[in-house]
Amino acid sequence: MKYFGVAKFHHRRLTTRLKAIQIFSFFCFILMCYFGLQLSLKTLYYIGGFGLVTFLYAIPFLPKRYFIDQQHNLRSVVGLKIYLIALVWTGVTVFLPVIEDNLSINQTVIILAIQRFLLVVVLMLPFEIRDLQYDSLKLSTLPQQIGVRFTKFVGVVLLLVILLLNYFIDETGFARSVLIVVVLGIFLLLILARKKQSEYYSAFWVEGIPVLWLVLRLFEIY
């Protein structure tokens with residue numbers, strides 16, 4: 001989905017790197033199908049729903065009157081982008097495991113979902129700040145509406161809410177410490193975010209935060 005806007009269907013004119021990404025994506029698709037067969041039918045229905053939203057995020061599908069540019073996809077719907085991404089992330093990382101294991105959606109699950117949604121929203125803010133120089137003004141992103149300084153302020157407030165909510169969840173001290181480290185990492189990256197960023201600031205350091213989170217949580221398991 002990330003490279004669809006570049007690649008589309010021009011296979012013969014793709015660069016070597018994009019061709020490599022396509023080949024890698026093909027093998028990922030095969031693995032996805034294999035592991036998908038291990039899941040329950042009910043879970044697959046929900047995965048299909050989230051997958052459809054992800055597909056429509058990048059692929060043109062609706063009449064022009066709903067959009068602010070010529071992309072005709074969900075990404076170009078005014079003010080929707082980061083909340084749509086946060087919704088899909090929350091659904092896949094919080095609710096899908098609950099559905100697959102036939103667990104009840106209790107207070108803990110709801111709090112985790114709120115935390116995850118807010119966390120992804122904040123993670124998106126450095127990207128939104130970077131894209132100020134590229135996005136159409138009609139997109140009405142948060143930095144376009146309230147400016148970079150107040151966007152950072154909103155992000156910091158949301159991070160504080162995430163930490164506060166964590167005390168309503170029965171977790172180990174190690175898990176709480178990991179979340180604090182992750183939140184501090186996001187806080188620093190958000191505060192230091194600029195409209196003119198280095199090539200890897202958001203694309204590597206910000207996107208690497210969930211990987212750091214995973215690695216730290218694996219220490220608890222092993």
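Is Cys28 buried, partly exposed or exposed? Select Cys28 to begin: this cysteine is partly exposed, with a relative accessible area of 34%, where buried means under 20% relative accessible area, exposed over 50%, and partly exposed in between (1.4 Å probe, protein chains only). Cys33 is likewise partly exposed, at 35%. If a disulfide is taken as a pair of cysteine sulfur atoms within 2.5 Å, the count comes to zero.

Before going further, note that this is a predicted model, in which local features need pLDDT of at least 70 and side-chain atom pairs count only at pLDDT 80 or more, while totals for chains, interfaces and linings use all residues. Residues are numbered from 1 along each chain as its sequence is written, and side-chain values use heavy atoms, with hydrogens and water left out.

**The whole chain**

Colour the chain by pLDDT, the predictor's confidence in each residue from 0 to 100; the mean is 84, and 81% of the residues reach 70 or more. Confidence is lowest in helix α1 (residues 4-7), at a mean of 58, and highest in helix α5 (residues 107-130), at 94. Where pLDDT is low, the predicted coordinates should not be read in detail.

Of the 222 residues in the chain, 35% are buried. The accessible surface comes to about 14,500 Å², of which 69% belongs to carbon and sulfur atoms; these areas come from the Shrake-Rupley method with a 1.4 Å probe, and for residues only the protein chains shown count as cover.

Leaving aside its neighbours within four places in sequence, Asn166 is in contact (heavy atoms within 4.5 Å) with Gln115, Glu171, Arg176 and Leu179.

Asn166 also lines the largest cavity, together with Leu163, Tyr167, Arg176 and Ile180. Helices α6 and α7 are the elements that give two or more residues to that lining, and the volume of the cavity is about 30 Å³. On a 1 Å grid over the protein atoms alone, a cavity is a set of points where a 1.4 Å probe fits but cannot get out, whereas a pocket is an open set with protein on both sides within 12 Å along at least five of seven lines, and lining residues have an atom within 4 Å of a point. Grid points are joined across faces, edges and corners, and a volume is the space filled by probe spheres set on the points.

**The second largest pocket**

The second largest pocket holds about 510 Å³ of space. To find its centre, select Thr93, Val94, Leu112, Arg116 and Trp213, the closest to that point of the 23 lining residues. At least two lining residues come from each of α4 (81-100), α5, α6, α7 (173-191) and α9 (209-221).

**Two loops**

Move to Asn102, in the loop between α4 and α5, which has a positive phi of about 55° although it is not a glycine. Asn102 is exposed, at 60% relative accessible area.

Finish at Leu132, in the loop between α5 and α6, which counts as partly exposed at 22% relative accessibility. Beyond its neighbours within four places in sequence, Leu132 is in contact with Pro143, Gln144, Val148 and Lys195.

How values were computed: Helices (H or I, at least four residues) and strands (E, at least two) are DSSP runs, numbered from the N terminus.
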